[in-house]
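Here are my notes on this model, point by point. Please keep the coordinates open while reading.

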Protein chains: 2
Amino acid sequence: MTRRPTIRDVAKAAGTSVGSVSRVLNGGPYASSELHNKVMRAVAKLGYEPDVVAQSMRLKSTKTIACLLADIANPLYAEIVNAAEERLQKEGYVFVLSTTRNDEERELAMISMVRRRRMDGMIVMASDETRKDVNTALAEAAVPVVLIDREVPAKYDAVYVDHRGGAIDAMRYLIGLGHKRVALLLPSEHVRPGRERAAGYRQALTEAGIAVDPELIRPQKTSVHFSYADIEKLLQGPHPPTAIIVLGTRMLAGVMKTVSTRNLRIPEDLSLISIGDTDLTRFASPPITVVRWDLAELGRAAADLLIEQLNGVKRERPQHISLPTEFIIRGSCAPPKKPGAKRP
Amino acid sequence: MTRRPTIRDVAKAAGTSVGSVSRVLNGGPYASSELHNKVMRAVAKLGYEPDVVAQSMRLKSTKTIACLLADIANPLYAEIVNAAEERLQKEGYVFVLSTTRNDEERELAMISMVRRRRMDGMIVMASDETRKDVNTALAEAAVPVVLIDREVPAKYDAVYVDHRGGAIDAMRYLIGLGHKRVALLLPSEHVRPGRERAAGYRQALTEAGIAVDPELIRPQKTSVHFSYADIEKLLQGPHPPTAIIVLGTRMLAGVMKTVSTRNLRIPEDLSLISIGDTDLTRFASPPITVVRWDLAELGRAAADLLIEQLNGVKRERPQHISLPTEFIIRGSCAPPKKPGAKRP
DNA sequence: TTGTATGCGTTATCAG
DNA sequence: CTGATAACGCATACAA
């Protein structure tokens with residue numbers, strides 16, 4: 001009574017065998033329409049639903065995808081994840097989100113979970129690219145993997161954002177406005193976005209014939225909470241920047257705090273450029289000029305790449321998809337108040 | 001070679017039987033230390049990891065919890081989910097997040113997934129409480145359920161936030177400042193938070209001897225995107241409100257848009273109160289006065305309730321936990337510029 | 001204390 | 001076209 005009906009119950013009720021029931025339900029062909037009807041009637045009557053666990057056992061596929069990301073509360077990640085989930089779900093996969101908090105132990109634990117639970121694949125947008133253990137664990141998991149904005153390990157399919165181009169756009173704009181000392185706040189250079197953004201920053205500066213002051217490039221240790229002290233130090237130094245590019249969603253909150261604490265006016269005292277079309281950047285006053293990109297597309301592209309692998313499509317070499325950025329000018333930038341630091 | 005080792009391989013390598021291996025790995029007792037060593041050595045040598053799917057098959061528990069929520073991109077939800085996941089993970093459960101986008105079809109699909117995948121329980125913070133089909137599906141799923149901020153179906157454990165108290169705090173404050181016409185923007189009254197907030201709003205007004213103008217209570221159809229037109233209409237009417245309480249995270253973005261479009265000054269032209277300690281409310285200028293509550297605690301409490309049920313703790317009646325709100329005064333409220341609408 | 005055998009619910013193979 | 005049966009990998013009741 002309380003027990004869920006099994007395929008055997010259906011077979012009995014339909015007066016046939018389990019094999020036939022299974023075939024009617026899955027195989028499609030090889031089933032007389034009479035049998036088909038009998039089976040379907042029994043299924044409806046008993047409210048039978050196949051047991052996915054038993055199917056997984058038999059088929060060696062759990063139809064489950066894991067997604068490793070550092071932090072679900074980051075609105076940028078949320079949109080990517082949503083889009084990826086939607087796509088995968090349409091293909092019958094269940095999407096398991098795992099937040100690693102950028103903790104290596106947790107990453108390893110997640111990867112082990114993928115193996116032990118026989119999950120079918122993973123989308124990874126967490127982790128420092130230099131973590132050897134994570135990389136080998138990934139390889140040992142022996143499942144299809146798609147990386148988002150990571151280029152290590154190189155053997156996997158990946159979806160990239162053209163952060164370098166975005167940084168160049170931002171810098172050219174600022175340089176055009178007359179800025180010469182621009183601070184760059186980044187996530188770690190141990191991940192692709194940080195590296196690419198720093199590269200773009202340097203490239204634009206070099207193009208304009210401005211020397212790169214390494215002091216102005218500030219990779220932030222913790223990506224989640226901006227180290228408030230760091231920017232304070234910068235602003236109190238002898239040659240404070242006239243503009244700041246904040247290429248991390250969460251860091252922006254920290255910068256905003258500094259701005260209001262020190263009663264700085266934007267853009268008169270300081271120009272600001274950030275990333276992402278978030279509520280914070282759009283409804284700040286003034287609204288903040290940003291580099292943005294299509295987050296949903298990023299998620300979809302990753303899912304599509306994974307689905308291809310899941311469907312057994314073999315390629316010579318890993319696929320890489322690169323998405324462009326867009327530069328949205330709002331009200332947070334103006335020419336510098338006074339000329340930049342003295343130069344010879 | 002490429003095949004994963006099974007318990008049988010371990011038994012062979014250890015020169016014992018599958019039963020013993022299984023006992024050493026799980027049972028704990030009944031294992032001579034010599035056997036224990038042999039088995040562990042074999043496990044290490046082969047890199048054996050138990051197959052969770054097979055275990056689920058046998059034990060009829062997948063150690064998996066589903067979490068239904070409307071929208072992962074909402075930063076308030078994100079924090080709740082994070083806290084719940086952390087707790088559940090510690091107990092060995094995997095947490096499957098499913099976004100329903102407030103779509104009944106999707107909710108039903110998710111619940112069906114829980115059944116077919118033999119998941120062990122669910123945390124629900126989605127759905128209109130009046131959806132009959134969802135409620136019956138929930139009951140038929142026949143698994144432990146914990147509701148977050150929903151009181152229907154009444155048979156389940158639930159964690160509540162004292163939204164009524166929060167609304168009262170906000171209204172008393174505004175009334176104390178001299179406001180008489182306060183608009184209330186709400187999610188649907190078909191969910192508990194909407195109902196409670198409206199009740200608190202009315203109660204505070206009644207206490208102060210101010211008549212409730214039903215025109216000022218505006219439940220928003222779509223909770224994700226604020227209907228911009230609605231607030232516009234309100235502000236252009238004959239008796240515009242002098243203050244607005246925006247009790248929905250996402251709606252606030254819409255209100256902010258109106259504010260900047262119409263060049264309204266806050267708090268001089270309009271007082272504003274919202275919810276949640278988000279980047280948007282904290283770093284707006286002026287920072288916005290809000291009603292907040294402990295999101296992480298909400299998630300943890302829900303997880304704890306669920307774990308209790310999972311562990312087979314039986315209670316006479318469903319457990320209900322209620323969390324208080326906190327009123328944080330920032331700079332978005334001031335006395336009304338001119339007296340409220342004329343009164344007899 | 002340890003080994004053997006059974007069954008969990010499916011799908012797929014193989015005769016009929 | 002259909003029915004019986006053998007795995008899938010594990011935990012456990014029971015026998016030794």
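1. Polar contacts come first. A polar contact is a pair of N or O atoms within 3.5 Å; within protein, one must be able to donate a hydrogen and the other to accept it, and residues adjacent in sequence count only if both atoms are side-chain atoms. One such pair puts a polar side-chain atom of A:Lys60 2.9 Å from a sugar or linking oxygen of DNA strand D.

2. Ground rules. This is a predicted model, where local features need pLDDT of at least 70, side-chain atom pairs count only at pLDDT 80 or more, and totals for chains, interfaces and linings use all residues. Residues are numbered from 1 along each chain as its sequence is written, chains are lettered from A and ligands numbered from 1 in the order in which they are written, and side-chain values use heavy atoms, with hydrogens and water left out.

3. DNA strand D, surroundings. A residue is near a strand if one of its heavy atoms lies within 4 Å of it. DNA strand D is surrounded by 27 residues, and A:Thr16, A:Ser20, B:Ile7, B:Tyr48 and B:Arg58 are the closest. Which parts of the strand face the protein? Of the atoms of DNA strand D within 4 Å of the protein, sugar or phosphate makes up 54%, and bases the rest.

4. DNA strand D, phosphate contacts. The side chain of B:Asn26 has an N or O atom 3.1 Å from a phosphate oxygen of DNA strand D.

5. DNA strand D, elements. Helices (H or I, at least four residues) and strands (E, at least two) are DSSP runs, numbered from the N terminus. At least two residues each of the surface near DNA strand D come from α2 and α4 of chain A, and from α1 (7-14), α2 and α4 of chain B. The largest share is that of α4(B), with five residues. For the classes, Ala, Val, Leu, Ile, Met, Phe, Trp, Tyr, Cys and Pro count as nonpolar, Asp, Glu, Lys and Arg as charged, and the others, Gly among them, as polar. The surface near DNA strand D then splits into 10 nonpolar, nine polar and eight charged residues.

6. DNA strand C, surroundings. There are 28 residues around DNA strand C, of which A:Ile7, A:Arg58, B:Thr16, B:Ser20 and B:Arg58 come nearest. Sugar and phosphate supply 61% of the atoms of DNA strand C that come within 4 Å of the protein. By class, this surface holds 10 nonpolar, 10 polar and eight charged residues. The most comes from α4(A), which gives five residues.

7. DNA strand C, phosphate contacts. B:Thr16 places a polar side-chain atom 2.4 Å from a phosphate oxygen of DNA strand C. For A:Ser22 the corresponding distance to a phosphate oxygen is 2.9 Å. A:Asn26 also has a polar side-chain atom 2.9 Å from a phosphate oxygen of DNA strand C.

8. Salt bridges. A salt bridge is a side-chain nitrogen of Lys or Arg within 4 Å of a carboxyl oxygen of Asp or Glu. The count over all chains is 48. In one of them, B:Arg118 meets A:Asp51 at 2.2 Å, N to O. This pair joins two chains, because B:Arg118 lies in the loop between α6 (104-116) and β3 (121-125) of chain B and A:Asp51 in the loop between α3 (33-46) and α4 of chain A.

9. Backbone checks. Most residues other than glycine have a negative phi, and most peptide bonds are trans. A:Pro153 sits in the loop between β4 (145-148) and β5 (157-161) of chain A. A:Asp149 is in the loop between β4 and β5 of chain A. Phi of A:Asp149 is positive, near 60°. The bond from A:Ser285 to A:Pro286 is also cis, with omega near -5°. A:Pro286 belongs to the loop between α12 (279-283) and β10 (289-293) of chain A.
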